[in-house]
Amino acid sequence: MKNLYILDILATLLFFFSFGLFNPIYVLFLGYPILLLYLFLTKRNYLFKNFLLGIIFAVIWTLIAKNYYGYGSNFGTFFGLNIYPLLAWPVGLLSLYIIFIEIEKKFNKPNKILNFIIFSLAYIFFLLFAEYIAYHFFNIKNLATASYPGIQFCNCLHAPTWMQWSYILFGPIYYLSSEILDKKFRK
């Protein structure tokens with residue numbers, strides 16, 4: 001299929017902005033099977049492992065930061081872990097990765113270091129954009145960290161500094177991990 005990145009971008013935007021229309025937890029619960037079906041229909045089953053990698057990241061992260069999550073009654077918990085970050089991280093990480101690798105294919109940029117830098121900058125931009133929209137327009141607020149100052153220029157990502165840096169580093173670490181995983185599966 002040609003120009004999948006356009007479809008990927010549209011699907012990601014539709015998914016993200018549905019958070020403003022529906023209860024985000026329902027969007028996330030529906031997002032998992034829809035994302036897997038989408039990968040299957042676009043013949044990209046090979047990305048299931050990257051989705052699993054995102055789930056592993058989310059579980060580890062949510063275990064580390066479980067005391068720093070509290071979204072109120074709209075979001076539940078699963079074995080003491082807040083469901084929202086548990087479900088949101090894998091979908092967000094994989095969505096950006098899919099778009100990036102499709103664009104990367106189109107422009108055929110084999111420079112891995114440059115690709116890593118571009119992905120990292122794009123990730124940070126979209127992370128802050130998504131956090132800003134979610135906080136200011138969708139009213140998705142982490143009550144457990146609400147007293148912490150947000151990143152000043154966007155008044156978003158209200159959390160301790162170590163959490164803010166962790167969020168920023170997630171994308172680059174996920175990209176590197178996905179590239180290593182993809183390379184191992186290609187052999």
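Which helix gives the most to the lining of the second largest pocket? Let's work towards that step by step. You are looking at a predicted model, in which local features need pLDDT of at least 70, side-chain atom pairs count only at pLDDT 80 or more, and totals for chains, interfaces and linings use all residues. Residues are numbered from 1 along each chain as its sequence is written, and side-chain values use heavy atoms, with hydrogens and water left out.

Start with the empty spaces. Rolling a probe the size of a water molecule over the atoms shows where empty space is left. A pocket here is an open set of points on a 1 Å grid over the protein atoms alone, where a 1.4 Å probe fits and protein lies on both sides within 12 Å along at least five of seven lines; lining residues have an atom within 4 Å of a point. Its volume is the space filled by probe spheres set on the points, which are joined across faces, edges and corners.

The largest pocket has a volume of about 1,100 Å³. It is lined by 43 residues, and Phe16, Gly92, Phe126, Leu127 and Ala130 are the closest to its centre. Helix 4 (83-107) is among the elements that supply at least two lining residues, and with twelve residues helix 4 gives the most. Helices here are DSSP runs of H or I with at least four residues, numbered from the N terminus. The lining has 35 nonpolar, six polar and two charged residues, where Ala, Val, Leu, Ile, Met, Phe, Trp, Tyr, Cys and Pro count as nonpolar, Asp, Glu, Lys and Arg as charged, and the others, Gly among them, as polar.

The second largest pocket has a volume of about 330 Å³. Of its 15 lining residues, Ala11, Thr12, Phe15, Ile34 and Leu35 are the closest to its centre. Helix 1, helix 2 (24-41) and helix 4 each give two or more residues to this lining. Here is the reply to our opening question: helix 2 gives the most, with six residues.

Now see how helix 2 meets helix 4. Their axes come within 10 Å and cross at roughly 40° (axes are lines fitted to C-alpha atoms over the stretch in contact, and angles run from 0 to 180 degrees between N-to-C directions). Contact means heavy atoms within 4.5 Å. Among the residues that make this contact are Leu28 and Leu35 of helix 2 and Leu87 and Val91 of helix 4. By class, the contact has 16 nonpolar, no polar and no charged residues.
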